[in-house]
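Trainee: Could you walk me through this structure? I'd like to learn where the labels come from.

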Amino acid sequence: MEPWEQISNYPSHIKKIYEFLSKEFGSVSTPLTYSKDYELAIAVILSAQCTDERVNQVTPALFEAFPTLQSFASAKPKDIEPYVFSTGFYRNKAKSIQGFAQMLIEKFNSNLPRTMEEMLELPGFGRKTANVVLGEVHDIIEGFVVDTHVKRIAYKLGLTKYKDPIRIEREILEKVPKKYWNHLSLYLIFHGRKTCIARRPLCDGCGLRKICPSAAGKVE
Ligand code: SF4
């Protein structure tokens with residue numbers, strides 16, 4: 001039986017998960033390091049198909065080499081590429097970063113937009129990027145961030161029957177109370193880094209073991 005088929009009372013299940021994780025991790029914010037709002041957007045663009053740890057390794061030198069939004073907008077993507085090479089898909093990412101900076105200046109007066117619709121106009125922005133930036137910068141929660149940890153763990157815990165990020169987000173938005181959306185995503189990311197590790201989940205020491213339908217490696 002799939003994990004989600006084993007959940008008989010979804011509201012109670014999600015409540016127990018949320019309560020455990022909130023005790024475990026308390027107040028959380030994005031693991032990406034940044035000092036200016038637009039830098040967060042660039043870090044999230046770089047985090048596509050890449051770990052936050054890796055992104056945090058490359059951004060200090062990147063932000064030092066391009067210290068202003070204008071410096072990114074004026075750069076050639078080729079100038080950005082060496083700094084983002086190790087995050088993968090570096091050509092596309094460098095192009096997106098330059099395009100993002102240029103559009104932010106020209107169309108949005110250098111201010112990050114406040115709606116999902118406008119966010120999605122920005123080069124390199126998908127729903128995940130937009131959700132992270134809206135939540136972190138503006139405290140606007142319009143959706144649910146599904147990264148690689150969230151995708152894996154939401155399935156294992158039976159919170160979704162899907163493995164595709166767009167469908168997962170849609171299902172979570174339908175079933176999980178809005179007040180949980182922002183922190184739940186971050187909690188799952190932290191839980192994925194600490195305990196429910198991709199290739200070797202530490203089920204024996206996991207506080208969710210009793211209610212997790214995938215405990216002890218029943219589902220990969
Ligand atoms: S019990 Fe295992 S599979 Fe379930 S959340 Fe914990 S570490 Fe992950």
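Trainee: Which residues in H2 are buried?

Mentor: First, this is a predicted model, where local features need pLDDT of at least 70, side-chain atom pairs count only at pLDDT 80 or more, and totals for chains, interfaces and linings use all residues. Residues are numbered from 1 along each chain as its sequence is written, and side-chain values use heavy atoms, leaving out hydrogens and water. Now, in H2 the buried ones are Tyr38, Glu39, Leu40, Ala41, Ile42, Ala43, Val44, Ile45 and Leu46. Buried means under 20% relative accessible area (exposed is over 50%, partly exposed in between, with a 1.4 Å probe and protein chains only).

Trainee: What makes H2 largely enclosed?

Mentor: 9 of its 10 residues are buried, so the rest of the structure largely encloses H2. The cover includes H3, H4 (69-74), H5 (77-84), H6 (90-108) and H8 (127-138).

Trainee: Why are H2 and H3 called oblique to each other?

Mentor: Their axes cross at roughly 135° and come within 10 Å. Under 35 degrees is roughly parallel, over 145 roughly antiparallel, 65 to 115 roughly perpendicular, and the rest oblique. So H2 and H3 are oblique.

Trainee: Which residues of H2 and H3 meet?

Mentor: Glu39, Ile42, Ala43 and Leu46 in H2 meet Val55, Val58, Thr59, Leu62 and Phe63 in H3, where contact means heavy atoms within 4.5 Å.

Trainee: Why does cysteine 212 count as buried?

Mentor: Its relative accessibility is 17%, so cysteine 212 falls on the buried side of the cut-off. Cysteine 50 is buried too, at 14%.

Technical notes: Axes fitted to C-alpha atoms, helices over the stretch in contact; angles between N-to-C directions. Helix = DSSP H or I, 4+ residues; strand = E, 2+ residues; numbered from the N terminus.
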